[in-house]
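The sequence and structure come first.

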Amino acid sequence: MNRSTPHETHGTHGNEPAGMPVSRRKLVTGVAGVSFASVAGCLTSDASGDAPVRISLASDPTDGDWEAYGGVVPYHTPFHETLTAAPADLQSVEPQLAREWETLDETTWRFSLRDDVSFHDGSELTASLAADALAALLEARPIGFTRLTPDSFTAVDEYELEIETTQPEPATPGNLAHPLMSLQHPAADEPVGTGPYVAEDVTPDRPVEAVRFDDYRGTVPEPTLVFEGVTDPRTRSLRLESGETDVALDLPRGSYEELAASDDLEVRTETEPRTGMVMVNRYREATSDRDLRKALQYAVDQHELVEEVLDGVGEPARSPFSKTIPWSAHDELSAHTDTDRAREYLEASAYDGEELRFIIDGDQSEQQLIAQEMQRRYDDLGIDVAIEQVESAAFFSEYTGGEADLAFVELGSINGAADYLVYVMYHSEGGDNVDQYESEGTGVVNPGEEVDELIERGDTAFDEDVKREAYREVQRRVMDDGVTIPIYYKDYVIGTGADVDGPDLHAIPHMTDWTTLST
Amino acid sequence: MSTIDDPSRVEAVGRSNLRRALRRNPASLAGGIVVALVVLVAIVGPALVGDPNAGALSNRLQPPSTAHPLGTDPLGRDVLTRLVHGARITLAVAVAITLVRLVIGFVVGLVAGLCGGLVDEALMRVVDFLLAFPGIVLALVIAGILGPSLRNVLLALAVVGWASYARVVRSSVLSVREEPFVDAAKLAGISRVRLIRTHFVPNVAGPVVVLATLDLGGVVLAAAGLSFLGLGAQPPTPEWGAMVADGADYLRSAPWLVNAPGIAIAVIVVGFNLLGDGLRDALDTDPTEVNR
Amino acid sequence: MHRYLLKRLASSVVVLGAVSVVTYALVLLTPGDPAETILREQLNSQPSDEQIAQFRTEHGLDEPLHVQYADWLSGVLTGDLGQSYFHGRTVRELIAAHLPATIELAVAAMLVAVLISVPAGIVSAVYRRTAFDYLSQFGALFGVSVPNFWLGYLLIVAVALPLSAVPTSGSGGVSHLVLPAVTLGTGLAAVVTRLLRASLLETLEEPYVRTARSKGLCERVVVCRHALRSALIPVVTVIGLQFAYVLNGAVIVEVVFDRPGLGTLLVDAIFARDYPVVQGVVLVTAVLFVTTNLLVDLSYRYLDPRIDLEASR
């Protein structure tokens with residue numbers, strides 16, 4: 001599709017791409033509307049015939065330091081592929097660029113690659129190109145959740161890749177499904193991957209066009225996709241409603257019902273491996289008292305919060321790990337909602353009216369409502385809580401710096417393996433706790449040595465049952481200790497215009513398969 | 001900055017003049033009444049309407065009705081109740097910001113005018129700097145860096161907004177210094193402090209009061225704007241700007257959430273502007289030119 | 001004139017120098033380590049100590065503050081505003097990408113203001129104390145008192161959603177400008193209407209206007225030919241000086257309409273603690289503002305040679 005028509009003005013996300021589908025919208029008569037339709041009409045008479053499909057993402061696909069991927073974020077976009085893939089239900093790890101893999105010893109993996117894959121520039125994917133590509137990624141930016149380094153990769157045959165981890169890491173195949181592990185041709189400056197679409201004209205702050213890759217090994221539907229970044233969720237929803245965009249990801253849950261009621265739109269939800277939860281610092285003066293933590297935990301009514309505040313989008317959580325994660329203990333944990341028990345715990349505690357500091361990420365309006373509802377409940381019980389919105393940038397340093405009694409976090413996996421979440425959240429040397437652990441010998445929500453050992457056992461277990469049992473025990477312990485109040489398993493909301501079919505939803509929206517979208 | 005106020009226009013005006021002038025101008029009288037009503041609501045209202053955080057989720061997002069004249073919000077709280085509590089917060093913040101501006105400006109203007117010379121020159125360069133800059137941009141940076149809270153909004157807006165007061169006060173001081181009675185008074189051995197009290201304060205009070213009244217409208221808008229951007233009031237504080245921002249998620253399904261506080265802000269700002277205009281005409285002094 | 005110009009230029013440079021020191025100092029007073037928070041955001045996981053160290057070295061955060069400032073300033077003087085922490089781009093590129101949208105908005109808002117205020121101001125002055133006058137005065141009052149963030153939402157719901165030709169958000173064509181410019185322009189229009197009305201009323205009392213009238217010229221000719229011309233002089237000046245208002249207002253209007261300009265860039269940078277961008281945007285805004293003020297002062301002198309700029313300092 002030729003975009004260099006003189007009629008066109010380029011812009012960040014607002015400019016209508018040539019041939020924007022106007023048919024769907026009841027065109028309000030008016031000079032402007034008519035002239036717009038006629039311009040669109042004459043532009044659609046282009047070679048391909050199909051109008052591009054505009055997709056609004058929560059952030060600009062070119063925004064950030066993505067040089068290692070040719071300047072485009074590998075999340076959500078269809079330009080790059082990974083060696084392995086997480087299936088839509090997350091219950092296993094599937095082949096993608098690799099056909100199969102095996103362990104040679106505790107730290108060595110052998111991956112056999114497909115022999116029918118080519119990059120967008122026409123070069124064929126071989127093990128040595130794959131090794132160079134992965135090494136270049138890790139060279140550009142070390143990736144914290146894996147035990148891989150730029151030296152980990154060796155081509156041992158044309159399509160045989162050997163991967164050496166620094167420590168035993170059973171999660172390697174899952175970790176390789178993370179979009180950050182996407183293969184970008186190591187010699188290219190532009191996005192050159194093996195994905196079903198080719199990126200065209202990548203300019204910072206401009207929408208990215210995705211044109212069908214003709215040599216892709218599978219079938220790719222005709223229409224060109226345009227990925228734009230619209231950071232404000234309310235704006236994404238307005239743009240979908242007004243027809244300025246065709247697909248909008250991660251819509252505000254608050255507008256779900258309203259959008260779903262419209263005949264012109266289809267709104268769907270899908271459960272992510274992501275949990276919204278409140279972390280209770282077990283090393284702060286007041287909240288170091290387990291009885292108080294249990295009171296805080298039992299006072300919350302997850303069911304009501306999800307049904308009312310989230311408009312029923314999402315599921316009341318029982319575990320810090322979403323039930324879509326294979327080893328989640330959701331099925332065996334009970335709902336911790338019981339005002340009487342909360343009151344008993346509170347009476348047994350040493351709490352005497354101190355104000356607890358509850359920090360929330362300033363960007364999240366739903367979390368803000370949930371926090372206020374929790375505050376109201378705590379107030380009824382006699383627990384004084386002050387909410388403070390902290391800018392996203394400062395939020396984690398305040399949380400990991402132990403500066404809050406309660407902190408609302410939403411954490412999940414965008415990976416084929418969620419092991420790193422357990423480590424980050426509850427291990428003394430995990431990201432959330434390590435600052436305070438190293439400086440004060442404490443931490444934030446880490447229950448201590450026994451849990452550390454359980455996490456290490458799960459993390460290094462090649463046997464799925466051992467891993468599962470270890471991680472489930474971690475969940476029992478942290479719930480019993482009251483360091484976490486799980487609130488909801490997140491459902492993300494995706495809206496599409498009536499002209500668009502698909503895409504199939506993936507549990508991890510970052511991994512959406514855009515070839516399942518058609519017009 | 002070629003538009004500096006003309007000190008010769010500064011005149012002390014008696015109270016009766018003021019009253020007469022206000023009566024002549026029905027619009028400013030209306031402004032005065034609006035401001036008085038909002039002040040009244042801010043003082044006695046909160047005690048009458050009850051807890052701004054009370055409510056049940058089962059009662060959420062109710063459209064306006066007799067039980068809830070302005071509807072309820074996503075947590076089932078009564079919007080009118082929150083608006084009434086918000087009046088107190090919004091007014092208190094605006095008045096506090098204006099007072100801090102006035103005090104800083106007064107001190108700086110007084111010192112600059114009385115000392116003259118290098119001190120004057122240096123202080124006036126600071127004033128130039130502040131007047132030479134889009135205030136919200138600077139306030140945004142200050143408030144953003146200090147972290148979101150109403151106190152920081154207060155601080156940021158006070159710091160960027162005192163310059164016009166300093167100018168007005170300084171020029172009043174200068175004009176008084178030129179008056180022949182000052183020399184006479186000096187000869188008569190009257191102390192500086194007494195001079196300030198008897199001659200200077202009545203002179204400067206008029207323009208400063210007008211400036212402050214007109215400023216209040218702008219301050220309400222600026223503070224609400226910063227809260228709207230998420231830099232001000234913390235939940236569940238029912239500050240009006242924050243209420244608009246929170247309601248924006250329900251723009252279509254519950255428009256009253258945005259409109260009620262939006263209209264409230266417009267009303268109080270209209271009130272301050274009308275009153276300020278009336279005072280300006282009545283006192284025949286226009287200190288606003290340096291304020292833009 | 002030359003002396004005046006030099007003096008103004010010197011004081012502008014001093015102001016800009018002060019802006020640079022103040023913004024730099026402010027930003028460095030911020031608590032928290034930008035390296036860690038920014039890396040965390042990028043990696044979606046906890047950065048390692050080596051990564052943090054690497055980031056700090058890359059961005060010169062290990063140097064003492066005065067060295068950092070000196071480096072930054074010498075860069076600024078050569079047009080290098082540094083590297084954004086968060087976006088993989090230089091601050092100069094970012095500003096160059098976002099500035100046009102803001103300038104467009106500012107110009108369009110001023111245009112809207114003139115289109116509203118000139119007719120309204122004239123009608124108001126000519127038909128003084130009639131329903132027209134009260135209506136336009138009330139409109140002006142409303143325009144200056146309504147919060148832009150509310151007006152913006154009102155327009156989105158009332159105009160953008162029902163009319164497909166008017167987009168709700170973004171930037172690009174003229175259609176994207178309509179609602180933001182109206183939102184921002186109304187406040188400015190209010191100020192200008194009031195000023196034009198007052199200025200015109202004053203001019204209509206001038207002897208030469210009275211003479212023209214006594215010659216039997218029709219009222220329209222009197223107003224348009226004679227009075228309006230001189231009444232517009234202060235108006236032009238005020239419109240220029242209102243640039244600050246426009247820049248102030250642009251921040252909120254850009255956020256409401258999700259328009260990628262300097263305002264949204266600044267707000268995002270503040271929340272993301274992307275200090276080089278904050279410093280760059282503040283500095284560029286200051287330069288814009290100081291330059292406009294200077295130009296307005298000079299054009300004022302040009303339009304009305306009676307003004308002695310030396311004396312009015």
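**Basis**

Contact means heavy atoms within 4.5 Å. The model is predicted, so local features need pLDDT of at least 70 and side-chain atom pairs count only at pLDDT 80 or more, while totals for chains, interfaces and linings use all residues. Residues are numbered from 1 along each chain as its sequence is written, and chains are lettered from A in the order in which they are written.

**Chain B and chain C**

Chain B brings 43 residues to the contact and chain C brings 46 residues. Together they bury about 3900 Å², with 75% of it on carbon and sulfur atoms; buried area is the accessible area (1.4 Å probe) that two parts lose on being put together, summed over both.

One salt bridge (a side-chain nitrogen of Lys or Arg within 4 Å of a carboxyl oxygen of Asp or Glu) crosses this interface. It joins D277(B) to R194(C), whose closest N and O atoms are 2.3 Å apart. On the side of chain B that touches chain C, α11(B) gives the most, with 12 residues; helices are DSSP runs (H or I, at least four residues), numbered from the N terminus.

**Two domains of chain C**

The domain assignment, automatic or from a database, divides chain C into domain 1 (19–80) and domain 2 (99–312). Their contact takes 11 residues from domain 1 of chain C and eight residues from domain 2 of chain C. These two domains bury about 930 Å² between them, 74% of it on carbon and sulfur atoms. The count of salt bridges between them is zero.

How values were computed: Heavy atoms only, no water. Helix = DSSP H or I, 4+ residues; strand = E, 2+ residues; numbered from the N terminus.
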